[in-house]
There are 2 protein chains.
Amino acid sequence: MDANTILEALGNDSRRRILSLLAKKPCYVSEISFALKMAPKAVIEHLEKLEKAGLIKSFEDGRRRYYYINQNMRVEVSIAPHMFQTSVISREAPDLDKAIKEARRLFDEINRSNFFRNISDIYRNLMNLREAQERFSMIQNYIFSKFSEMFERFLDEVERFVEDDYERIVLLGLSKGARSAVEIAEEFGLPYTEVEKAIERLKNKGIVREVMRDGKFEFAIKC
Amino acid sequence: MDANTILEALGNDSRRRILSLLAKKPCYVSEISFALKMAPKAVIEHLEKLEKAGLIKSFEDGRRRYYYINQNMRVEVSIAPHMFQTSVISREAPDLDKAIKEARRLFDEINRSNFFRNISDIYRNLMNLREAQERFSMIQNYIFSKFSEMFERFLDEVERFVEDDYERIVLLGLSKGARSAVEIAEEFGLPYTEVEKAIERLKNKGIVREVMRDGKFEFAIKC
């Protein structure tokens, strides 16, 4: 996977909006076109670029072609006065415990050498820092894939509890950080009263609870 | 700092090439134009976008305006079937030891709960994973700023040892991963024989050494 191709694909607002939409569920062209108020022709062009960059794939279902995100991947860009570095991480730490221990050891070595006698000392420290960076990137990728795996399980579990689309969307919204009925209604373009009713039903089922934050009532999934 | 504006700025090949160039040293417009074979007008437009995104700044020196990277920042994009997340991290872990310990604790909790009784269990695990992710991002940012700080020290130290631009560039090239005279000559557009001579001088000063890798001779900074 090439960082440049991916940054090119991500460097466009419409394509980022399409990715956000596909992260909710697989969609077909006219669905995307309607949701994002974008001409179908433009949607098709953006989908082609995203597909070329390897970020999405499609499948046919009846007469429709659905597009979906088929990647589990992280892109990291590091920018500093003497550095510009882009990387795509899809590799996971093979042994997580070892990776954390090793990162810890590198840190200790880095912190021990606050005193540099010569250029070799500084350079060795640079190499240690670079290695620590790589190890942490792999750890991060592990966490991320664990997160998205867990999120799939969460979605499966949601299906067992919900009775309609409103309840489904409320749980999805809350899981992604929404905190009030208004927020969810606006984010997903739903009528406020329906969202509120769905929240009430989920509270009665014991899945959602009311919390007080900064003097205001908000909602959260029980945990 | 807004992830969208930054991804927009990074989503263009010319701008990424300009950033790579500025990571070597501050440059003025016609210098960039010459190095990247780009019309000055285009260079100016790209510089404006990079400046607007907050990635570069400029200063005047005599009759010239120099552009340089003024940021220490990481951009992370996470892509998965149910997730599309972009973030800009410029915050460091306030207490590194604590951050690592806390990440470790979260991990233990995540690994302990392989058995999920209900949606709350799964959701709690999701929240733990998200928190672990944030902590590791801050740790990564700490490492990265430590790295670029150390790199500045390395460049300062280099100045004390080098006698000319060739030696300077050889050390820079080797520090950024180059392994042979040919690689350095090509990357920086220098005559091969001069690069070779500079390497020889640095070997005699005891800063560079010859290493054998996969049956071939390569060069590395001593450490």
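Author: A polar contact here is a pair of N or O atoms within 3.5 Å, and within protein one of the two must be able to donate a hydrogen while the other must be able to accept it. In this predicted model, there are 22 residue pairs in polar contact between chain B and chain A, counting pairs in which both residues have pLDDT 80 or more. On the side of chain B that touches chain A, the elements that give two or more residues are α1 (3-10), α2 (13-24), β4 (73-80), β5 (83-89), α5 (96-112), α6 (119-161) and α7 (165-175) of chain B. Of these, α6(B) gives the most, with 31 residues, and the residues of this side of chain B divide into 44 nonpolar, 17 polar and 15 charged.

Turning to the contact as a whole, 76 residues of chain B and 75 residues of chain A take part. The size of an interface is often given as the accessible area lost when the parts come together. For chain B and chain A the buried area is about 7700 Å², and carbon and sulfur atoms give 68% of it.

Charged side chains also link the two chains, with a count of six salt bridges between chain B and chain A. One of them joins E8(A) to R16(B), whose closest N and O atoms are 2.9 Å apart.

Finally, the strands deserve a look: strand β4 (residues 73-80) of chain A pairs with β4(B) in the antiparallel sense over seven bridges, and within this pairing E76(A) stands opposite E76(B).

Methods:
Residues are numbered from 1 along each chain as its sequence is written. Chains are lettered from A and ligands numbered from 1 in the order in which they are written. This is a predicted model: local features need pLDDT of at least 70, side-chain atom pairs count only at pLDDT 80 or more; totals for chains, interfaces and linings use all residues. Side-chain values use heavy atoms; hydrogens and water are left out. Contact means heavy atoms within 4.5 Å. Buried area is the accessible area (1.4 Å probe) that two parts lose on being put together, summed over both. A salt bridge is a side-chain nitrogen of Lys or Arg within 4 Å of a carboxyl oxygen of Asp or Glu. A polar contact is a pair of N or O atoms within 3.5 Å; within protein, one must be able to donate a hydrogen and the other to accept it, and residues adjacent in sequence count only if both atoms are side-chain atoms. Helices (H or I, at least four residues) and strands (E, at least two) are DSSP runs, numbered from the N terminus. Ala, Val, Leu, Ile, Met, Phe, Trp, Tyr, Cys and Pro count as nonpolar, Asp, Glu, Lys and Arg as charged, and the others, Gly among them, as polar. Two strands pair if DSSP finds at least two bridges between them.
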